[in-house]
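Thanks for coming. I would like to go through one interface today, so please look at the structure first.

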2 protein chains.
Amino acid sequence: MAASRDPRPCSIADALALVGEKYSLLVLREVCLGNGRFDQLVRNIGAPRDILATRLRRLVDAGILTKRVYSERPQRFEYRPTPAGLELEPVLLTLMAWGDRHLRQDDERPMVLEHSCGHELTPVVACAACGGTVVHEDLTSHPQTPGWTVKGPTAA
Amino acid sequence: MAASRDPRPCSIADALALVGEKYSLLVLREVCLGNGRFDQLVRNIGAPRDILATRLRRLVDAGILTKRVYSERPQRFEYRPTPAGLELEPVLLTLMAWGDRHLRQDDERPMVLEHSCGHELTPVVACAACGGTVVHEDLTSHPQTPGWTVKGPTAA
DNA sequence: TCTCGTGGGTTGGAAAATCAAACCCTTCAG
DNA sequence: CTGAAGGGTTTGATTTTCCAACCCACGAGA
């Protein structure tokens, strides 16, 4: 679990430390689809049951999922996304869009999402301030951590 | 590396099979920042050198990175994102935004991105068709694979 | 009652991936 | 000819993953 010394301080790395383990984002996919029961997760994800149990504990601890009882007697549970968990959906959407574009030359997407506007969803990342679609060339990085430049640590 | 039998066919899963291993997205972060040399990557990511070498091979094979010679004699290399690799940047942006919002109650973001419009970038996912910001409630899922519903395989 | 099926896990041991440190090779600099 | 930088590979110990088997509570059917 540990990484070596002094990596770049970064919210991407911190986010991945929570949801970057194998299957975690697929768990989120399923619970966002409404499939929060343990063996739905096992079947739809194809993960080993013990790993899944471990991931679920972590995601609940992290405040990304909640574990709800949907039946006493017999006691049965269901995992659902918290608001924080739902806010990870954009990550899933951008990943799916990338996979659809680059991993299948044929036009056979495994799932299509429909937006309430009536169109098929093609997710794009936009700038909240100006509304424009974000492309790499329009971005400039400003590290905020003393000692770190874009290139790396200064005077390490 | 193998998952059990018959998981949901899904571009998220397929994308994660390529870039979901530990450190892969951090490699992409660094090359997008322009830091493509082997020991910049080692230092800035904090990954073991052997794992990094493995990841780099995989990402090059997948067409996400290219390995360029930036100096003959002494021979030196640099990894850079391909167009396909650059198109993964939205995944990094949405992950970073989530981490900034949920992983630091204090307001100390490790990095700020500036958009060419002059504002700090706050990335949002929008619908390419209508331009509206996408929220979970506005989405409907339509699996395209025979035998699969949102809930799972039919008549398995 | 006895047994089966479902839901939600836990346990055990073998196989694979990760880790840190050490090593290797080439080239340039002193 | 010694050292340092860049770009890795090798080694052996430590962790994770994997899969199958098992466990438990409950309800249904025979």
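What follows is a short account of how chain B and chain A meet.

This is a predicted model, in which local features need pLDDT of at least 70, side-chain atom pairs count only at pLDDT 80 or more, and totals for chains, interfaces and linings use all residues. Residues are numbered from 1 along each chain as its sequence is written, chains are lettered from A and ligands numbered from 1 in the order in which they are written, and side-chain values use heavy atoms, with hydrogens and water left out.

How many residues of chain B are in contact with chain A? There are 92, and they touch 92 residues of chain A; contact means heavy atoms within 4.5 Å. The two chains bury about 7700 Å² between them, 63% of it on carbon and sulfur atoms. Buried area is the accessible area (1.4 Å probe) that two parts lose on being put together, summed over both.

Next, the charged pairs. Six salt bridges are found across the interface, each a side-chain nitrogen of Lys or Arg within 4 Å of a carboxyl oxygen of Asp or Glu. One of them joins R101(A) to E87(B), with the closest N and O atoms 2.0 Å apart.

Which helix of chain B gives the most to the side that touches chain A? Helix 6 does, with 13 residues; helices here are DSSP runs of H or I, at least four residues, and strands are runs of E, at least two, numbered from the N terminus.

Last, the strands. Strand 5 (residues 139–143) of chain A pairs with strand 3 of chain B in the antiparallel sense, over five bridges; pairing requires that DSSP finds at least two bridges between two strands. Within this pairing, T140(A) has E114(B) as its bridge partner.
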